[in-house]
Amino acid sequence: TEMAAIPADLDLAGIGERARYIPVYLVQKDGALDQIILPVYGKGLWSTMYGYLSVAPDGNSTRGLQFYAHGETPGLGDQMDKEAWRAQVVGKVIYGGADEPQVRVIKGPVPAGIAGEEHMLDGMAGATLTGNGITGLLQYWTGSHGFGPYLANYREGNKE
């Protein structure tokens with residue numbers, strides 16, 4: 001696999017390099033695109049976290065985030081595996097006005113009605129660094145050096 005170095009100022013996921021070509025999975029339902037599955041990974045507190053981000057066909061709404069391998073602390077960072085935490089990922093808005101990724105994990109629960117809540121995910125008590133790692137990998141992989149240009153095609157196609 002040919003690797004591409006990630007410039008330090010763009011390496012929000014803390015991974016240094018990535019494969020130049022990465023498969024994306026397009027899931028169809030009744031003959032239409034239902035979701036875009038993006039492989040994502042980045043540094044957590046203790047290990048590299050590996051997972052999949054599901055994006056709606058609009059290229060801007062999350063359908064889910066599922067990790068399949070990590071070494072985060074049991075009872076703390078591993079809250080990202082629990083259904084209650086994963087459920088809140090559905091329907092979050094990835095991009096802000098300037099097409100820059102805004103989706104992120106905040107400290108503590110997301111206050112209802114706060115400005116920007118559509119981009120925010122609940123922090124996990126006692127797992128700030130895991131949350132920071134999830135923010136970094138989400139922002140890297142949906143950014144300009146990750147799948148950002150790819151997802152922009154879907155956003156362009158869905159403008160009114």
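A pocket here is an open set of points on a 1 Å grid over the protein atoms alone, where a 1.4 Å probe fits, with protein on both sides within 12 Å along at least five of seven lines; lining residues have an atom within 4 Å of a point. Volume is the space filled by probe spheres set on those points, joined across faces, edges and corners. The model is predicted, so to speak of local features takes pLDDT of at least 70 and of side-chain atom pairs pLDDT 80 or more, while totals for chains, interfaces and linings use all residues. Residues are numbered from 1 along each chain as its sequence is written, and side-chain values use heavy atoms, with hydrogens and water left out.

The second largest pocket comes out at about 160 Å³. Its lining takes in 13 residues, with Ala19, Ile22, Pro23, Pro39 and Tyr41 nearest the centre. The largest pocket has a volume of about 230 Å³. Glu100, Pro101, Gln139, Gly143 and Ser144 are the closest to its centre among 17 lining residues.

Now for the rings. Aromatic pairs (rings of Phe, Tyr and Trp, the last by its six-membered ring, with centres within 6.5 Å; planes under 30 degrees apart are stacked, over 60 edge-to-face, the rest tilted) number 8 in the structure. Tyr25 and Tyr52 have ring centres 6.3 Å apart and planes at 75°, so they pair edge-to-face. Ring pairs also join Tyr25, Tyr41, Tyr50, Tyr52, Tyr68, Tyr140, Trp141 and Phe147 into a cluster.
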